[in-house]
Amino acid sequence: MRLLIVEDDRDAAAYLVKGLKESGHVVDHARDGVEGLALARAQTYDVAIVDRMLPRLDGLNLVQKMREEGNQVPVLFLSALGEIDDRVKGLKAGGDDYLPKPYAFVELLARVDALVRRRQPEQVQTKLVVGDLELDLLSRSASRGGQAIDLQPREFLLLEYLMRHAGQVVTRTMLLENVWDYHFDPQTNVIDVHISRLRAKIDKGFSDALLHTVRGAGYCLRAVS
Amino acid sequence: MRFLNLFRTTAFRLALVYLLLFAASAFALIAFIYWNTAGFMAAQTDETINAEILGLQEQYGQSGLPGLRQIIIERSSGGGSGLYILASSDFTRLAGNLSSWPDVPVADGDWVYFTYDRTSFGETERRSARARHFVLRGGFHLLVGRDVHERREIEGRIESALFWSAVITVGLGLIGGLAMSRNVTRRLDVINRTSRDIMGGDLARRMPLSGADDEFDELSDNLNGMLDQIERLMGGMTEVADNIAHDLRTPLNRLRSRLEVTLMKPATEQEYREALEGAITEADGLIATFNSLLLIARAETGEARENFEPLDLRVVVNDVAELYEPLAEAKRMTLKVAAPRPAEINGDRGLISQALANLIDNAIKYTPEGGAVTVSLKVAGEEAVLEVRDTGLGIPEAERDHVLRRFVRLEASRNEPGSGLGLSMVAAVGRLHDAEFSLGDAKPGLVATLRFKLKD
Ligand SMILES: Nc1ncnc2c1ncn2[C@@H]1O[C@H](COP(=O)(O)OP(=O)(O)OP(=O)(O)O)[C@@H](O)[C@H]1O
Ligand SMILES: [Mg+2]
């Protein structure tokens, strides 16, 4: 994947570039908003990672300009301003996701992957399939290997999100934000118990597990290849 | 100097404008009365004179000079109030009760005011009169008039009354205006002086109240309220700074020594990895603590009220309880929700959810296995009462205020993870929403209650 990073802090940018390159991405780095805009015009990127506060051209204005010019690249905002208001402002300006600093690198990586996925044209799906696990979005029912699975409404949403991001690492925060619409970190990891409940429903009695825990990062729903 | 300042005050200017308006209307009123009395009398006199002249003219036409003279002599001696003089073309008196042609320039048909001497009871008196002059055929002059001495006197008095009343109105108005602005200025002076003292550093000072319960007292009262709020916020800020100093040093120190000790002697890659992972965990804890502190501080400033929106507490309760239910089950506890009715309030969904999450988290954390947690939402009068009840250890009454402070954790719960910020956040969110937060005894266990005001 080709990524654009617009970040003025030299060290933070260096770590970011190094980490993303090691994860197999191609990375371009701009030190301020004007440079970022020039790169965004010259190249097609899969995701742009934009700091909110930038010299010369502020992150919000940069993304606004890009959108005005018809550039639809998915944008992940980074910001030291972690307040709810700023998240809303960022999304309004045309951002697709918002990550407050300080963040965990795995969190950033997972979100970038999710954004890349989102970019692919999404035809209206009525059925999600991962291996022998099937989720019918119309009748709101699930089954594995033809065996019906009884899901609570929230479990259904959780499984839907995991299946839409099948093969990707999904963090606890992403689940909390997208499945529960909460933007805080609960002190105890309540998400883990929800996952183990779901796991009991979809993996129990099957030799090959679909729902995996990714140590230090989150979860991944993946069919055995 | 003080006096000059007084003239520049808004109160004085207002008084002056009011005075001008008042004086103008009083003047208009008196003028109206004047024209309706004195003017009316004058018009009547003139009418009588006109009628008389008409009669005399007729007489002259019929019976000539002798006839006219005869009538004038008759009327002159009649003792009425009429004044007459008939004179030849060179103003030599021919008849009438005036001793000579008055010394005023006249032309045919003119109205004149003049004075004449009247002798009665041996005393001669100079009196004023009004008359109309007429030139008769043959060059004779006729002057017919009335004594208007009394009338002129009344007019004079009314005029001087008018003048003096104007002087008195303006004078009283000025004095009143000065007194009024002096009073207002004095009250404002007190407020200004106190403000300057407070700005100068005497932060405990407050505006004195006069006890009159008027708008100045209200202003002072509001200013005092504002000052109290500022003091509270400042107190909160100092407390946060103190807390950060005291309670973040410990984990920072732990982080630092862990890294330092690892570097002290050569270690295996495994050891380095463990040290780094430990450092990351420690840093994550610090970040979480920072976030919580920031959130509490933000709730405390009341700034978040801008994001308030109407929301149904029942939905919030069901959602958060649903999030925690598996956690309770994993600890072989029951988490029950009793929220039979919707409860609309104005608030911040995220913050209330988090506060409730903190309470449920505590309830599960500090209740032994097999216990029960009940979340209930009741509507009582104008209030929505949100309760989280558990069957755990509870908090001794003496500690219930104490645990609301930042970083406070009770001895009994040291072996559970936590930073001691959960309840502080609930208290701050409660204050932000004007909701009363209290801790009580659930016998056994703790009951935490938030009383929200229903949306009207
Ligand atoms: N339901 C409860 N039963 C018994 N004790 C409680 C309960 N809730 C809180 N406490 C006591 O009050 C203290 C403060 O609670 P608070 O939620 O503020 O912090 P914490 O739970 O220790 O940490 P954190 O919530 O920040 O993870 C706790 O340490 C515990 O001693
Ligand atoms: Mg707690």
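Hi everyone. Let me start with what I mean by a helix: a DSSP run of H or I of at least four residues, numbered from the N terminus. With that in hand, B:Thr301 sits in helix α5 of chain B, which covers residues 269-301. Please keep in mind that this is a predicted model.

Now let's step back to chain B as a whole. Its secondary structure consists of 8 helices and 12 strands. Chain B has 456 residues, and 39% of them count as buried. If you take the contacts in chain B with a separation of 6 or more, 62% come from residues 24 or more positions apart.

Next, a pair of helices in chain B. Two packed helices are described by the angle between their axes and the distance between the axes. For helix α2 (residues 10-76) and helix α3 (residues 149-199), both of chain B, the axes come within 9 Å and cross at roughly 170°. Angles over 145 degrees count as roughly antiparallel, so that is how α2(B) runs relative to α3(B). What kinds of residues make up the contact of α2(B) with α3(B)? They divide into 21 nonpolar, 7 polar and 3 charged.

Over to chain A, and helix α7, residues 172-179. Here A:Met174, A:Leu175, A:Leu176, A:Glu177 and A:Val179 are buried. Just after α7(A) comes A:Asp181, with a positive phi of about 60°.

Finally, how do the two chains meet? The contact involves 20 residues from chain A and 25 residues from chain B. The area buried between chain A and chain B is about 2,000 Å², with carbon and sulfur atoms giving 50% of that. On the chain A side, A:Tyr182, A:Phe184 and A:Arg197 lose the most area to chain B, and together they make up 28% of what that side buries.

And for those of you who like charges: how many salt bridges does the rule find across the interface of chain A and chain B? There are 6. A:Arg154, for instance, forms a salt bridge with B:Glu322, where the closest N and O atoms are 3.1 Å apart.

Definitions and conventions: Residues numbered from 1 in each chain as written. Chains lettered and ligands numbered in written order. Predicted model: local features only at pLDDT ≥ 70, side-chain atom pairs only at ≥ 80, totals over all residues. Heavy atoms only, no water. Axes fitted to C-alpha atoms, helices over the stretch in contact; angles between N-to-C directions. Helix = DSSP H or I, 4+ residues; strand = E, 2+ residues; numbered from the N terminus. Parallel < 35°, antiparallel > 145°, perpendicular 65-115°, else oblique. Nonpolar A, V, L, I, M, F, W, Y, C, P; charged D, E, K, R; others polar. Contact = heavy atoms within 4.5 Å. Buried area = accessible area lost by both parts, 1.4 Å probe. Salt bridge = Lys/Arg side-chain N within 4 Å of Asp/Glu carboxyl O. Buried < 20%, exposed > 50% of the residue type's maximum accessible area, 1.4 Å probe, protein only.
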